[in-house]
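Subject: A structure for you, with some notes

Hello,

Here is the structure I promised to send over. Please open it alongside these notes when you have a moment.

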Amino acid sequence: MRITDIQRCEVRPGRLVEWTLSPATVATAAALPEDSRPPAYIQESHIRTARSVREDGLFVPTWIGTAFDLPGPADLDALQHALRAWTLRHETLRSGFRWDGEEMRRFTLDADAVSLHREEIGDFPDGTRLARHLQDRFDAVADALRWPNLIYTAVVRDDGASVYLAFDHSNVDAYSLYRIPAEIHELYAAAVEGRPVEQPPAGSYVDFCEAERADADRIDGTSDVVARWREFIHRCDGRLPNFPVDLGLAPGGGLPTQNLMREPLVDAEAAAAFEAYCRPFGGALVGILAATALIVHEIGGEPVYRTVVPFHTRVKSRWSDSVGWYVGGAPIEVPVAETPDFPGALRAVRAALHANRPLARMPLARVLRLLGADFRPTSPDLYSIVSYADARDIPGSRRWAELNAYGLMRVSYGDQVCAWVTRLHEGLWFASRYPDTDVAHKNMRLYVDRLRDMIAEVPAGPRS
């Protein structure tokens, strides 16, 4: 699934229909007692950051979503049935938070209290205007500081429909988005044909939040995990790391607008050759990070590449089909000035990941709280990332190109670089949000072009 934004995912004209949780459902939720299961640390950090940034006077949309086509004349009743059934399957989508002073308290609807409200918005003969309308609606509804914070839409045409779903990030991660097209297709086809769908129950992210938080709360400031993060942050001059190239940002300036870079890197054959070359060192993730370390050293001259590597936290099979935000981060340091060639960088990244990947299981927000430092965030992104995901095993992934399936992110404001490299059946896809300055664009262009070159060239080089 190619990652992009709503402006660049081939939005075509048609009749717009949208679904939100019904007024009756919202009224029921308002009267619910507290659910004792707490938010995950990553959820709480995300929502508190959104509130902090909003209090500073800036509205920063942070929703993510997905887009895909449905073939044939659209059956809106069947689609509504599919959307509701999918929503009920994932408990986090009917769970939210309210403030009690400075504390966040959860509430969760029973499945039978959830209904969808359908509204015919009207015809949009211009795709660009429709994309702008969708973005505005998603900004307003899929907002971290409101509930419900999800919205489902369909653009209906004679030959089928395009479905666009948006969620506040607190309830979904990229892996959750990847699974949506196939799951909705299956539920929709069953509803059209009037047959039941036999699906094993999906694990509840709300249950995961409770278990993860209980585990995280067992550590204190004397923990080895906290000590290792403290040392890492100290070596980053007391901050979490940014992308180590000049981004053209003035010190103390306001949060800049962001730009989007998204494009194919290499085809399937070149991606397979790169993966095979890197496999003895741990695979393509190690290769992407090693290449990045060398390239940012070329561009920015930093002797050590420091970054936080995202990893999923779906460590038990019960969470594999679950919708939620199952992501942690591991800090790594690559002494790239001492490892000037690609095999050396591969070995250094492999060693750093082997030593530090277990740290990703401890929520960083818990660690920062124990560090006691003032990490009041001024940006929606705590740190820059370079993420790698192999999506070829996701159910339905071979049909993504045929279905115009996209993962959607909102490009708005931010002073960090967030980059995603995705392995698809067609090859490697790159997407990045970065500050919208001339200097950042120049250096990001250099980075992506060199990354493409290295991926294509290194399989022909030595491994030792």
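First, some housekeeping. This is a predicted model, in which local features need pLDDT of at least 70 and side-chain atom pairs count only at pLDDT 80 or more, while totals for chains, interfaces and linings use all residues. Residues are numbered from 1 along each chain as its sequence is written, and side-chain values use heavy atoms, with hydrogens and water left out.

Helices and strands are DSSP runs numbered from the N terminus (helices are H or I with at least four residues, strands are E with at least two). Let's start with helix 11 (residues 364–371), which is mostly covered, with six of its eight residues buried (under 20% relative accessible area, where over 50% is exposed and in between is partly exposed; 1.4 Å probe, protein chains only). Those buried residues are Leu364, Ala365, Arg366, Val367, Leu368 and Leu371. They pack against helix 2 (41–55), helix 6 (205–216) and helix 7. After helix 11 comes Gly372, which has a positive phi near 75°.

Where does helix 7 meet helix 11? Val225, Val226, Trp229, Arg230 and Ile233 of helix 7 are in contact (heavy atoms within 4.5 Å) with Leu364, Val367, Leu368, Leu370 and Leu371 of helix 11.

Tyr205, Val206, Phe208, Cys209, Glu212, Arg213 and Ala216 are its buried residues. Seen down the axis of helix 6, they fall within an arc of 150° (taken from the directions from the helix axis to the C-beta atoms), so they line one face of the helix. Their cover includes helix 2, strand 4 (95–100), strand 5 (103–108) and helix 11.

Helix 12 (residues 438–457) has Ala440, Asn443, Met444, Tyr447, Val448, Leu451, Met454 and Ile455 buried. These fall within an arc of 135° down the axis of helix 12, so they too line one face. Turned away from that buried side are the exposed residues Asp438, Lys442 and Glu457.

Finally, have a look at Asp143, in the loop between helix 4 (127–141) and strand 7 (150–157). Is Asp143 buried or exposed? Asp143 is buried, with a relative accessible area of 12%. Leaving aside neighbours within four places in sequence, Asp143 is in contact with Arg54, Phe59, Asn149 and Asp168.

Best wishes
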